[in-house]
Amino acid sequence: MATPSERFAALVARLEQQARRNPAAYRLRVVALALAGYAYLGAVFALILSLVGLGFSSLVDPTVLAAMLALLLAALTGLARRAMRVDLPAPRGCALERGEAPELFALIAGLRGRLRAPRLHRVVVTGDFNASITQLPRLGVPGLHRNILAIGLPLMKSLSPEQFRAVLAHEIGHLAGGHGRIASGIYRLRSSWARLLETLDRRKTWGSLLLRPFFERYVPYFNAYSLPLARAHEYQADAMAVRLTSRRATAEALSTVSVIGSYLGERFWPILHRKADELPRPAFAPFSGMGNVIPWIEEKSAHAWLARALARPTDAEDTHPALVDRLRAIGATPRLALPAPGEAADRMLGEAHTRIAQELDRRWRRTIRPSWEKRYRAVQESRARFAGNIRALEACDARQGDAGTGYRG
């Protein structure tokens with residue numbers, strides 16, 4: 001008998017076939033399914049209000065009853081809103097002004113113009129190994145968004161300018177296709193329904209008896225339905241990157257990002273964090289020095305990481321397709337190409353590079369310092385206990401030796 005995860009994966013696979021056959025119709029089905037959740041909530045609220053109204057209609061004045069029903073509706077609506085509220089956080093990073101990095105802003109403007117994408121209201125550089133565009137609602141007006149481009153400095157240090165251009169084309173492609181707004185909406189809905197289900201499981205009330213049976217089935221079903229749409233957006237954005245750069249540059253960007261991500265997660269940061277065993281405070285500048293080590297990653301490890309990434313299938317619950325599927329979709333083979341020293345895309349930051357790297361280093365030290373010092377103290381205390389145990393054993397051996405030399409036979 002199939003497990004729940006296996007049934008979920010099989011459902012997603014079937015839905016992906018439907019999405020490929022008729023993308024427009026599938027998109028409408030996802031929207032209809034999203035509205036079904038709200039429709040059920042509305043039906044339950046209407047049922048509760050009707051039952052309360054019938055129960056009290058013969059006992060209280062109609063005006064008082066109307067007030068009671070209005071208060072009850074407000075309470076139910078407020079409870080649902082609190083349970084489902086999900087706010088997308090604004091990307092945190094170092095703000096970048098046009099005059100500081102004219103080459104980068106010229107690249108962004110060129111890509112936006114070719115894709116006819118909406119304007120970007122803010123560009124920030126972060127310490128993440130990622131690039132993304134976040135759309136935040138503005139002034140509470142539907143359809144009015146503030147577009148923020150977040151670029152990870154480690155990502156810029158890992159790619160050549162042409163590879164980085166492919167990454168930016170991918171992200172701005174999401175914006176041009178309206179994927180950002182749709183993806184943000186789907187993310188909020190997935191998170192909202194999940195939070196509502198958690199609230200219903202936690203609060204064993206009479207109201208949850210009406211809602212939980214439906215949402216226990218609805219939430220996984222909606223999650224499965226939304227995954228093919230999210231993956232289709234990734235494929236479309238990759239196709240835009242190929243159109244605006246080249247198949248080679250896009251394949252190199254995808255392959256290199258996969259390898260450098262493994263290097264940073266398995267080598268760079270763990271090695272740096274292990275220094276807390278010896279040093280009481282983090283006195284390093286990882287973001288300033290990262291570009292000096294990435295070009296020298298040993299070839300054997302790089303190809304092993306790439307092979308591992310290519311062997312990994314698309315996860316049933318991941319909104320992003322696996323590397324092998326993305327390369328196949330653009331008709332490319334994996335191409336690993338690290339930038340030469342001094343030739344990475346971070347040079348596009350111009351005069352702002354030093355300021356941003358130093359600020360990210362300061363933020364990293366400030367954030368990591370409590371856990372760093374805690375680890376240092378724990379290691380030193382453990383070593384002191386170990387040394388004390390060794391000294392005690394040596395003293396015991398010495399006493400036994402002294403007793404042995406006193407025997408005369």
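Predicted model: local features only at pLDDT ≥ 70, side-chain atom pairs only at ≥ 80, totals over all residues.
**Entry 1: H9 and H10**

I looked up the handedness, and the crossing of H9 and H10 is right-handed.

Next I listed the residues in this contact. H9 supplies Tyr263, Leu264, Phe268, Trp269 and Leu272. H10 supplies Pro286, Phe287, Met290 and Val293.

**Entry 2: H9 and H11**

I then turned to H11 (residues 299–311) against H9 (residues 247–274). Their axes come within 9 Å and cross at roughly 110 degrees. H9 and H11 are therefore roughly perpendicular to each other. H9 passes H11 in a right-handed crossing.

Which residues of H9 meet H11? I wrote down Ser255, Ser258, Val259, Ser262, Tyr263, Glu266 and Arg267. On the H11 side I have Ser301, Ala302, Trp305, Leu306, Arg308 and Ala309. The contact of H9 with H11 has 6 nonpolar, 4 polar and 3 charged residues. Tyr263 is on my list for H11, and Tyr263 is also on my list for H10.

**Entry 3: the sheet**

I moved on to the strands. The protein chain has 13 helices and 4 strands. In what order do the strands stand in the sheet? The order is E1-E2-E4-E3, the sheet is open, and the pairing is mixed. E1 and E3 stand at the edges with a single partner strand each, so one side of each is left without a neighbour in the sheet.

I went through the pairs one by one.

- E1 (residues 94–95) pairs with E2 in the antiparallel sense over 2 bridges. Cys94 has Val125 of E2 as its bridge partner.
- E2 pairs with E4 (residues 145–152) in the parallel sense over 5 bridges. Val124 stands opposite Ala150 in E4, and Arg122 has Ile148 of E4 as its bridge partner.
- E3 and E4 run antiparallel and are joined by 7 bridges. Ile133 has Leu149 of E4 as its bridge partner.

I also checked how covered the strands are. In E2, 4 of its 5 residues are buried. In E3 (residues 131–137), 5 of its 7 residues are buried. I found H6 lying across E3 and E4, running at about 25 degrees to E3.

**Entry 4: Arg116**

I looked at the backbone at Arg116. Its phi is positive, about 55 degrees, although Arg116 is not a glycine. Most residues other than glycine have a negative phi. Where is Arg116? I placed Arg116 in the loop between helix H4 (102–115) and strand E2 (122–126). Is Arg116 buried or exposed? Arg116 counts as exposed because its relative accessibility is 77%, and the cut-off for exposed is over 50%.

**Entry 5: Ser158 and Ser160**

I compared notes on two serines. Ser158 is found in helix H5. Ser160 is in the loop between helix H5 (153–158) and helix H6 (161–176).

Why do I call both of them buried? Buried means under 20% relative accessible area. Ser158 has 1% relative accessibility, so Ser158 counts as buried. Ser160 has 18%, so Ser160 counts as buried too.

I listed their contacts, leaving aside neighbours within four places in sequence. Ser158 is in contact with Phe129, Gln163, Thr256, Ile260, Ile294 and Pro339. Ser160 touches Pro339, Glu343 and Ala345. Pro339 is on the list for Ser158 and on the list for Ser160.

**Entry 6: the whole chain**

Buried residues make up 41% of the 409 residues in the protein chain. I also looked at contacts between residues at least 6 apart in sequence: 81% of these join residues at least 24 apart.

How values were computed
Residues numbered from 1 in each chain as written. Heavy atoms only, no water. Axes fitted to C-alpha atoms, helices over the stretch in contact; angles between N-to-C directions. Parallel < 35°, antiparallel > 145°, perpendicular 65-115°, else oblique. Left-handed = near helix turned anticlockwise from the far one by under 90°. Contact = heavy atoms within 4.5 Å. Nonpolar A, V, L, I, M, F, W, Y, C, P; charged D, E, K, R; others polar. Buried < 20%, exposed > 50% of the residue type's maximum accessible area, 1.4 Å probe, protein only. Pairing = 2+ DSSP bridges.
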